[in-house]
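Here is a friendly walk through one protein chain.

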Amino acid sequence: MKKIERPLDSGSTSFNCAARNKRLRRTYPNLLKLGLRAARLARYYDISRGDPNIIRAADLTQREKEAILYIYDNPPISMSYIGDLRLSFAGETCPMCGGQNPGELDHYLTKQKYPEYACLAYNLVPACSCNRLRGENLFDPATRARVLHPYYDECLSGPLIEVRFDPRATPPVFEIHYMIDEEDPDFRNVKFHVDNIILKTNFLTYVSKRWGKLRVQPDAILPNRRDYRGNKNQFQEYLVELGEGKSADEGANAWATIFLRSISNRIISDWIFDNC
Ligand SMILES: [Zn+2]
């Protein structure tokens, strides 16, 4: 998971243009009304920050819904922003889960329930295959907890979680530890995001494999570690710095950053110092 800049252009002008294009026979004239509303819907979405507790799904006709989902899957050249967004973070950290190489688009407000936002750039978040794992899980109306929005939720810029475990156990039990206070207004959303996105990916398997590899090949995971073996304090500082470097490079909640942050916990860093 990672905070990223919201696209400057909502895409609503391009969408309205495509909606009026008579040559698009699979969609014309079914998107005419929606095309005219596109700019207003984009403003509403932006002011509401995409929050599903605020935004009500519009009542589209079946024809409108089919047409907008078709044009999303088959965008004309004038709507090339969709393809551009999809690849805009290729090779980088996935804004939704913190894994690697997002090559898909996640409809923050899902396209089945909120088809009117299916082509809105603000609603299209580059994501990896975690996109397909979350399904329709978006929010809980009872608690108002929701998935975090990488374009709007500033809390994604800071460290949100680490993994706690007993390094002596084989295999250890890995548990998520939250780094924001339970009283923090963002806490319930962070927890909902972790439960419904992060824990549905293979994040904990990743942590387990990194830990397994660190135990047998510490030099592969911890470059130059031999230079910092003076004492346990120095070694822990080295691990903290390694994590900070990764955070600057890949984001505070990229999986690799979370792993390094987790092993710089004093109990674990001491264990590595003594055993690797
Ligand atoms: Zn992902």
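## Helix pairs and domains

Let's start with a pair of helices: α1 and α2 are roughly antiparallel to each other, because angles over 145 degrees count that way. This is a predicted model, where local features need pLDDT of at least 70, side-chain atom pairs count only at pLDDT 80 or more, and totals for chains, interfaces and linings use all residues. Residues are numbered from 1 along each chain as its sequence is written.

The α1–α2 contact brings together Ser12, Phe15, Asn16 and Ala19 of α1 with Leu32, Leu34, Gly35, Leu36, Ala38, Ala39 and Ala42 of α2. Being in contact here is a matter of C-beta atoms, placed from the backbone, lying within 7 Å. Sorted by class, this contact has eight nonpolar, three polar and no charged residues. (Ala, Val, Leu, Ile, Met, Phe, Trp, Tyr, Cys and Pro count as nonpolar, Asp, Glu, Lys and Arg as charged, and the others, Gly among them, as polar.)

| Pair | Residues | Angle | Axes |
|---|---|---|---|
| α1 and α2 | 12–19 and 32–47 | roughly 175 degrees | within 8 Å |
| α9 and α10 | 232–250 and 255–263 | about 165 degrees | 8 Å apart |

Now for the wider view. The protein chain has 11 helices and six strands, which are DSSP runs (H or I, at least four residues, for helices; E, at least two, for strands) numbered from the N terminus. Which domains does the assignment give? Domain 1 covers 12–139 and domain 2 covers 158–275, with bounds from an automatic or database domain assignment. Their C-alpha centres lie 35 Å apart. Nine residues from domain 1 and 11 residues from domain 2 take part in the contact. On the domain 1 side, four are nonpolar, four polar and one charged.

As for overall dimensions, the C-alpha atoms fill a box of roughly 75 × 40 × 30 Å, taken along the principal axes.

Note on methods. Axes are lines fitted to C-alpha atoms, for helices over the stretch in contact, and angles run from 0 to 180 degrees between N-to-C directions. Angles under 35 degrees count as roughly parallel, over 145 as roughly antiparallel, 65 to 115 as roughly perpendicular and the rest as oblique. Two residues are in contact if their C-beta atoms, placed from the backbone, lie within 7 Å.
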